[in-house]
Amino acid sequence: MELEPLYKVKITCHYCENEFETSRVRPSLKRPYRTDSDFCAYYKLENPDFYVVRICPECGFASTENSTERLSDTQRQNFKNQIGNRWEKRDYSGARTIDQALATYKLGLLCAQVIQEKDRVVAGLLHHIAWLYRYREDHEQERRFLEFSLDSYVRVFEREGTGGNEARLLYLLGELNRRIGRFHEAVKWFGRVIQDKRITDAAMIRASREQWALLREQMISGKMELPEEMVEAEKGATKRSPN
């Protein structure tokens, strides 16, 4: 017998403490057949990203595994005033279409903004929304939310530091800048991954080199002037290469 791709787990709401069920994709089925350069993954069956946001059917509080679990009195009051009092009960516990997934992310984003959630959580929600628009081939909205997520990731870097995963965050800042056409900014972030001797994440260093090379091709084909960092790096590589 073939396993159902989804299974149910019980969650306790961070706001009203109601226990509710939400679906997840079985770990054995979380194997993407391809992944974009900003970590957007594609699956043959159920997409695990559709089920990241858990929504309490009673009060409408939306959270993820990375959300703040204990709400302050101010956070609780803000949620109640702006979302809870207007909530009409609905159930997102079953299989989700892409439109339903998008609705859960937007509610998750609204909740995160209302309670002033950590920048890292907000950035992740915005980035996932961009991915959902990418799946729908809505390029205008995808770019819009990539820009929002980029701004949030920059705030993560400035306010929270990198939390021990510096290379991945720096790489992502480079790649999102590249995707929205801010090529000179992208070069700076990729360069930090490649040149900082303290970074030892081989996968992110390799990915940064690959995207640096892709970026160079994009700029040359677009007849754009290469940034100084790129020119200097190439001069250095030429000096180091054997005759």
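Colleague: Which residues are linked in a network of salt bridges?

Modeller: The network links Arg34, Asp36, Asp38, Arg134, Glu142, Glu175, Arg178 and Arg179. This is a predicted model, in which local features need pLDDT of at least 70 and side-chain atom pairs count only at pLDDT 80 or more, while totals for chains, interfaces and linings use all residues. Residues are numbered from 1 along each chain as its sequence is written, and side-chain values use heavy atoms, with hydrogens and water left out.

Colleague: What makes the contact of Glu142 and Arg134 a salt bridge?

Modeller: The term requires a side-chain nitrogen of Lys or Arg within 4 Å of a carboxyl oxygen of Asp or Glu. The side chains of Glu142 and Arg134 meet at 2.7 Å, N to O, and therefore form a salt bridge.

Colleague: Why is Glu142 called buried?

Modeller: Buried means under 20% relative accessible area, exposed over 50%, and partly exposed in between (1.4 Å probe, protein chains only). Glu142 has 9% relative accessibility, so Glu142 counts as buried, and Arg134, with a relative accessible area of 9%, is buried as well.

Colleague: What does the pair of Asp119 and Arg155 tie together?

Modeller: Asp119 lies in helix 3 and Arg155 in helix 4, so the pair ties together parts that are 36 residues apart in sequence; helices here are DSSP runs (H or I, at least four residues), numbered from the N terminus.

Key:
Helices (H or I, at least four residues) and strands (E, at least two) are DSSP runs, numbered from the N terminus.
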